[in-house]
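Here's a quick briefing to read with the model open beside you. Take it topic by topic and find each residue as you go.

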Amino acid sequence: MSTEALPSPLSSAAAPAANIHLNSEHVLRITQELGVRVQQVAATAQLLKEGATVPFIARYRKEVTGELDEVQITAIRDRLEQLAALDDRRAAILSSLKERNLLTDALEKAINAAETLTKLEDIYLPFRPKKRTRATIAREKGLEPLAELIWAQDPATTADAIQAAASEYSGREYTPDDGKNTVQKIADANEALAGARDILAERISDDAAAREKLRTLYKETAVVSSKVLSGKETEAAKFKDYFEWSEPLAKCPSHRLLAMRRGEKELFLMMRITVDETLALAELERLILQPAAAGCAAQMRLTIADAFKRLLAPAMETEFRLASKKQADVDAIKIFTENVRELLLAPALGQKAVMALDPGFRTGCKTVLLDRQGKLLHHDVIYPDRHAVEAADKVRGFIEHFKIEAIAIGNGTAGRETEAFIRGLKLPASITIVMVNESGASIYSASEVAREEFPDHDLTVRGSVSIGRRLMDPLAELVKLDPKSIGVGQYQHDVDQIGLKRSLDDTVISCVNGVGVEINTASKQLLSYVSGLNARSAAAIVARRNEKGAFTSRAELLEVSGLGPKAYEQAAGFLRIRDAANPLDASAVHPESYPIVQKMAADLGCTVGDLIKDAKLRAKIKLENYVTDTVGLPTLKDIVAELAKPGRDPREKFEAFAFDESVNKPEDLRPGQRLPGIVTNVTAFGAFVDVGVHQDGLVHVSQLADNFVKDPAEVVKPGQKVQVTVTEVDLARNRIALSMRSAPQIGAKSGGRAGPLGRPSGGSAPRPAAPARPAASQSLNNDWFSAALNKKK
């Protein structure tokens, strides 16, 4: 493989990146796949190889990459790693073949030309070391000449000739390579023919062309089906919608495939991926049979049928189970990470004194008082349901003594009742009252992070503090949690955990660096997600802060133990120092660009502070005067935009939300009611909305808008405030159906004309025979079922 030198962009960054090969062929391939220029991919590859992070490259190396964004840079990184892994596997295969003296020039050329891992493995399959198979045993019997006679399909070879050749093996002795050294005999011609077919069946199974032909058939026509295991009907009730289910694999959405796989994993269902056997055999016969060789046809047809049923069909089913699971994982991870991004970037209340309550009936409401920086000042327990007067007096006293500006109330058990109690106190209108999603707060309270932060307080206090801080700054608080415990997405516990973690890490890193981090108040958990930092360097920053006090300039970061110049380069622009002597330290302007800003100010005869304050001065800046070999207009435009709003928070402005006070439990709901709600989770089949009754309702994808919606994420996002109409309430099954349509059909389960895939009915699948499908009314049941499984997890 070629390893030509690539153009070298600006040097940057900390530790070397993961498995990335600086390979010109990789660069050219990615250029074609992503539709970007060669120089952009080459420069990005070089930066990644040197250890630069995605946020740093996207923000501070725009001239080098040609202004690629984070999504494009991440795509280049992931593809580079995939191609590097492909090259590593290619090298391992070549090495294995060389060691066994099996490598020919033609084989080496084919292996080097393989562009995918699947093609590479198909080429290698005939040479892969195998366990003892039926074909191996047939070779031990010396049946390869007979097999070759049949395989040649010579038109002159008759069926009688084949039978006669097989008869010659009758009674022949052989010694199986089974370690027993027992001499055995071939019984008759039938045994000889069966052995010859075994050899040829394995040859067909190992043939790359045959596999590719079947792979195409499976892609186009495979059907995924599930059925309940005998005797498990009652025990598997939660999987009832999948007791007799089938649909085209290509059309099966990720949540349904993952539901069937979970049912199979829990030993309630049997899932199969199959194609029409007649079609499969016809494809193989067209590929292998020689029409003129009538004498060999019977044996070849038996061989092809055996190769498909015994070898190829199981292999293809395994391959497509893995492939479909991989794609379902990709879809589910995408949904999950998008939801997590929206939650992390939810509007922040900001620095306000907060009273936070973790509601409860029997144990009371755990109440904490936090200052504007989120520091715990006091904690107590109030009992609104049993000692209402005393609780009211305490709340009013807390508000007056601690100058409380906002009240955060957890949305768990007794949340609405606690909210009603607080609102009934008729507190000053200036005090914001907010219901806060407490998903994962109990997990945080029992975590090592919480114990380290509050070693002298119990779980209830820690949980209440987390609720209050979530209101103040969701991003800073939620990064302390494993994102899987936040309660969004679908099947996050069933998908590829390595892929999920990678995507979640990318998402959290993107959000943290996109917002920026106040270095003097940030937790070490938040700091660890800053570009160029890790858990160790983040802890070192906090230790330095505790030992010597607040940082007064970004330059002081170089005094932190273990944080070198390259890590500083990666991190500095994303760290903020409020009220620093140099106002640029509070902005997203990177320290490497400070001289440019200072020159701008000097040219205008003013200070940097004046540039920040005066828009008229900034308007006089002629950017073209500051272009250099390494700094171009993209960076200069970013600098001027940052001077206009130093350290600006990209999150939306916080707006308080209140539920309808007339509904507090599912029994209060009536079909036709119009209610305010907050989206809590977005999935492939719709969105869940909290309307304040301790049970989220489902807005099916067909009910999200008056027009057709393919992707729910295009219409709604977690945390979004919406207006919904109650269309159905099923108290027995604890289900609430909602609609966002302007004129919803009250009492409709799935709404509109949605079919079983949540799409408008009509149209036909491009395959010879469509499998049986359930009625459209089952769509919502499956979606509710999928959601119920996620809730349980």
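Thr635 touches Glu63 and Ser593, not counting residues up to four places away in sequence; contact here means heavy atoms within 4.5 Å. You'll find Thr635 in helix H29 (residues 633-644). Helices (H or I, at least four residues) and strands (E, at least two) are DSSP runs, numbered from the N terminus. Thr635 counts as buried because its relative accessible area is 12%; the cut-offs are under 20% for buried, over 50% for exposed and in between for partly exposed, using a 1.4 Å probe and protein chains only.

Before you go on, know that this is a predicted model, where local features need pLDDT of at least 70, side-chain atom pairs count only at pLDDT 80 or more, and totals for chains, interfaces and linings use all residues. Residues are numbered from 1 along each chain as its sequence is written, and side-chain values use heavy atoms, with hydrogens and water left out.

**The whole chain**

- The protein chain contains 30 helices and 17 strands.
- Its C-alpha trace spans about 105 × 70 × 55 Å along the principal axes.
- Out of 793 residues in the protein chain, 52% count as buried.
- If you take the contacts in the protein chain with a separation of 6 or more, 67% of them come from residues 24 or more positions apart.
- The accessible surface of the protein chain is about 36600 Å², and carbon and sulfur atoms own 52% of that. Areas like this come from the Shrake-Rupley method with a 1.4 Å probe; for residues, only the protein chains shown count as cover.

- Leu504 sits in helix H22 (residues 497-515), and it is buried, with a relative accessible area of 4%.
- Which residues does Leu504 contact, leaving aside its neighbours within four places in sequence? They are Phe336, Thr337, Val340, Pro483 and Lys484.
- Pro483 is 21 residues from Leu504 along the chain, and their C-alpha atoms are separated by 7.3 Å.
- Gly514 is also found in helix H22, but Gly514 is partly exposed, at 43% relative accessible area.
- Gly514 and Arg651 are 137 residues apart along the chain, yet their C-alpha atoms are separated by 9.4 Å.

**Helix H17 and its packing**

- Helix H17 (residues 415-423) has these buried residues: Gly415, Arg416, Thr418, Glu419, Phe421 and Ile422.
- The buried residues of H17 pack against strands E6 (354-358), E7 (365-370), E8 (376-382), E9 (406-410) and E10 (432-436), plus helix H16 (388-401).

**The second largest pocket**

- This pocket has a volume of about 1400 Å³. On a 1 Å grid over the protein atoms alone, a pocket is an open set of points where a 1.4 Å probe fits, with protein on both sides within 12 Å along at least five of seven lines; lining residues have an atom within 4 Å of a point. Grid points are joined across faces, edges and corners, and a volume is the space filled by probe spheres set on the points.
- The lining of the second largest pocket has 46 residues, and Gln373, Asp473, Ala476, Thr521 and Ala522 lie nearest the centre.
- Among the elements that each supply at least two lining residues are helix H20 (459-472), helix H21 (474-478) and helix H24 (535-548).
- By class, the lining has 17 nonpolar, 11 polar and 18 charged residues. Ala, Val, Leu, Ile, Met, Phe, Trp, Tyr, Cys and Pro count as nonpolar, Asp, Glu, Lys and Arg as charged, and the others, Gly among them, as polar.

**Positive phi angles**

- Most residues other than glycine have a negative phi.
- Asn181 isn't a glycine, but has a positive phi of about 55 degrees. Asn181 is in the loop between strand E1 (173-174) and strand E2 (184-185) and counts as exposed, at 63% relative accessibility.
- Leu267 isn't a glycine either, and has a positive phi of about 65 degrees. Leu267 lies in the loop between helix H13 (254-265) and strand E5 (269-274), and is exposed at 54% relative accessible area.

**Cysteines**

- How many disulfides does a search of the whole structure find? The search finds 0, where a disulfide is a pair of cysteine sulfur atoms within 2.5 Å.
- Cys252 is buried, with a relative accessible area of 13%, and Cys365 counts as buried at 1%.
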